[in-house]
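Subject: Structure for your files

Hello,

Here is the structure I said I would pass on. My notes on it follow below.

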Amino acid sequence: MNAATITVNVIALAALLWALSKDRSKTKQALRVAVRSFLGMLPMVLTIIILIGVLLGFVTPQIIQNLLGEESGFFGILTAALIGAVMHIPSLIAFPLAASLLEGGAAVGTVAGFIASLTMIGVLTFPVEVRELGVKMTIMRNGFGFLFAIAIALVMGVLL
């Protein structure tokens, strides 16, 4: 366990103990809500973890290096950004996936483009956005999101 993980857990435990000392019944109620929420999300999260595990089982580090590695250049960034744009996975799963891609040989800028487009573009939520924001605004928001994801990837690739 690294220092950041220990620090976050210590802070969370201290906050929980503080909350218990202030109002035990509200804290217990909040914990019950949190556990119910966690159990409700668990099937989806486990399914995504299994799918990612199977995918990474079939995709070798050589394939990752060829498609998303340093030598892939702008094509790799574009590929990762397009994949991120169409995937709909929570950040809780996306960050470990990004770490696996980096370990498999993907370039930092490419992975940054993947994460940026994953969080800024909503292909699956497009119909809802059109209904709420209109076609023009939805296309503009997603288009600018994609351009910014590419820009972020390029900057991160240079900086890191």
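Which side chain meets that of arginine 131 in a salt bridge? The partner is glutamate 132, with an N to O distance of 3.6 Å. Please keep in mind that this is a predicted model, and that the values here are computed from it.

Salt bridges

The count comes to two salt bridges. In the pair already named, arginine 131 is exposed, because its relative accessible area of 62% is over the 50% cut-off. Glutamate 132 also counts as exposed, at 57% relative accessibility.

The other pair is glutamate 129 with arginine 141, whose side chains meet at 2.7 Å, N to O. This pair links distant parts of the chain: glutamate 129 belongs to helix H7 and arginine 141 to helix H8, and twelve residues separate them. Glutamate 129 has a relative accessibility of 10%, so it counts as buried, the limit being under 20%. Arginine 141 is partly exposed, at 32%. In general, side chains of opposite charge can pair when their charged atoms come close.

Around glutamate 129

Helix H7 covers residues 126-133, and glutamate 129 lies in it. Leaving out residues up to four places away in sequence, glutamate 129 touches Gly122, Gly134, Thr138, Arg141 and Asn142. Arg141 in that list is the salt-bridge partner described above.

Surface patches

Leu133, Met137, Met140, Phe144, Leu147, Phe148 and Ile152 make a nonpolar surface patch of about 690 Å². Helix H8, residues 135-159, gives the most to this patch, with six residues.

A positive surface patch is formed by Arg24, Lys28, Arg32 and Arg36. Arginine 36 sits in helix H2, which runs over residues 24-58. With 56% relative accessibility, arginine 36 counts as exposed.

A contact across the sequence

Valine 86 is in helix H4, residues 73-86. Where does valine 86 make contacts, not counting residues up to four places away in sequence? It touches Val123 and Leu124. Valine 86 and leucine 124 are 38 residues apart in sequence, while their C-alpha atoms are 7.1 Å apart in space.

Regards

Conventions
Residues numbered from 1 in each chain as written. Predicted model: local features only at pLDDT ≥ 70, side-chain atom pairs only at ≥ 80, totals over all residues. Heavy atoms only, no water. Helix = DSSP H or I, 4+ residues; strand = E, 2+ residues; numbered from the N terminus. Contact = heavy atoms within 4.5 Å. Patch = residues over 30% accessible without salt bridge, like charges linked within 9 Å, V, L, I, M, F, W, Y side chains within 5 Å. Areas by Shrake-Rupley, 256 points an atom, 1.4 Å probe, with all protein chains shown as cover. Salt bridge = Lys/Arg side-chain N within 4 Å of Asp/Glu carboxyl O. Lys, Arg positive; Asp, Glu negative; His and termini not counted. Charge placed at Lys NZ, Arg CZ, Asp CG, Glu CD. Buried < 20%, exposed > 50% of the residue type's maximum accessible area, 1.4 Å probe, protein only.
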